[in-house]
Amino acid sequence: MAPNGPVGKKDLKANPTHDELKEHFRLAMREHPHLTTTKGPKAWSAVDAGALRKVDGGHENDDELAVSVEYYDGQELVHRSAHVHLKKPRAEVTPELQSF
Amino acid sequence: MKKLLRILLLPLAIWFERTWLLYANSQAICTSFKVELLNGIHAFGTSVVRGATTADSFKAALYLVSATTGAGNTAYTASGEVSGTNYTAGGVDLTGAVDWVAPTSTGTTAFSTPTASIVYTTVTLSVAFDAVMIYNSTQGNKAVSVHTFGSQTVTAGTFTLTMPTNDATTGLIRLA
């Protein structure tokens, strides 16, 4: 089971790159001995041995940096995790002042 | 004659503007007030009874791409919220020793950001979602903000939202 709360004990630095985010995500997931899947936990050793097919994904734009990892058992998706780093939220309050 | 007067008086006018107008009053919403708003100090209307100075607690709920959350929300709503294995309605608590970095300001902008990532652990959310609502669970689940991101799904996995840099241009909550 992955930890409940902040991912891992390795805090991301501000404005991580895509690779840093992927590595942070990878280390956080590896903190526990099993990968959770729809078919129950899979030991990481089995996953490393090629029991599951891994697909990395993600995207980056001005607003966010996203990383995802998927594991397939054959054609069946059995695990998908996603990690989104908000770069600059678009919500901002700009108060206005009225003159008398 | 008028032309001559203009030429002679122009430097005087410039000197006056630079010397005296620097000391003029300027209309503004005080920056400290914006920080104090985030600290719940000013009550322009009916407020709440507070037994201590402890900060409120906040939660974060996820919303489907098909939901319509936004500026009009006044409180947490289950309408349009995601559902799935291991996802509890209402979302997760903001974690960390304190939920938010102490509000502060740079220039004329007050800002604050959650101290920790928002994490949904070992969930299955198979219907696409693209928004998180942060709300005040201490004060009747009153809505704070809605933040959108690229559409995601999760399968027996973890969804993590890491926070932006806490500063005047990227802090999660900013009063400019």
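This is a predicted model: local features need pLDDT of at least 70, side-chain atom pairs count only at pLDDT 80 or more; totals for chains, interfaces and linings use all residues.

Reader: How is a pair of aromatic rings described?

Author: In general, one gives the distance of the centres and the angle of the planes. Over all chains, this structure holds 8 aromatic pairs. One of them joins B:F129 and B:F149, whose ring centres are 6.2 Å apart and whose planes stand at 80°, so the pair is edge-to-face. Because B:F129 lies in strand β5 of chain B and B:F149 in strand β6 of chain B, this pair ties together parts that are 20 residues apart in sequence.

Reader: Are B:F129 and B:F149 buried or exposed?

Author: Both B:F129 and B:F149 are buried. B:F129 also forms an edge-to-face pair with B:F159, at 5.0 Å centre to centre and 85° between the planes, and this pair links strands β5 and β6 of chain B across 30 residues. Ring pairs join B:F129, B:F149 and B:F159 with B:Y87 and B:Y120 in a cluster.

Reader: Which charged residue sits over the ring of A:Y72?

Author: That is A:R53, whose charged end is 4.6 Å from the centre of the ring.

Reader: Which residues of helix α2 of chain B are buried?

Author: As a general idea, an α-helix has 3.6 residues a turn, so residues three or four places apart point the same way. In helix α2 of chain B, which spans residues 31-38, the buried residues include B:T31, B:F33, B:K34 and B:V35. The buried residues of this helix pack against β3, β4 and β7 of chain B, and just after the helix B:G40 takes a positive phi of about 70°.

Terms used: Residues are numbered from 1 along each chain as its sequence is written. Chains are lettered from A and ligands numbered from 1 in the order in which they are written. Side-chain values use heavy atoms; hydrogens and water are left out. Rings of Phe, Tyr and Trp (its six-membered ring) pair if their centres lie within 6.5 Å; planes under 30 degrees apart count as stacked, over 60 as edge-to-face and the rest as tilted. Helices (H or I, at least four residues) and strands (E, at least two) are DSSP runs, numbered from the N terminus. Buried means under 20% relative accessible area, exposed over 50%, partly exposed in between (1.4 Å probe, protein chains only). A charge sits over a ring if NZ of Lys or CZ of Arg is within 6 Å of the ring centre and within 35 degrees of the ring normal. Contact means heavy atoms within 4.5 Å.
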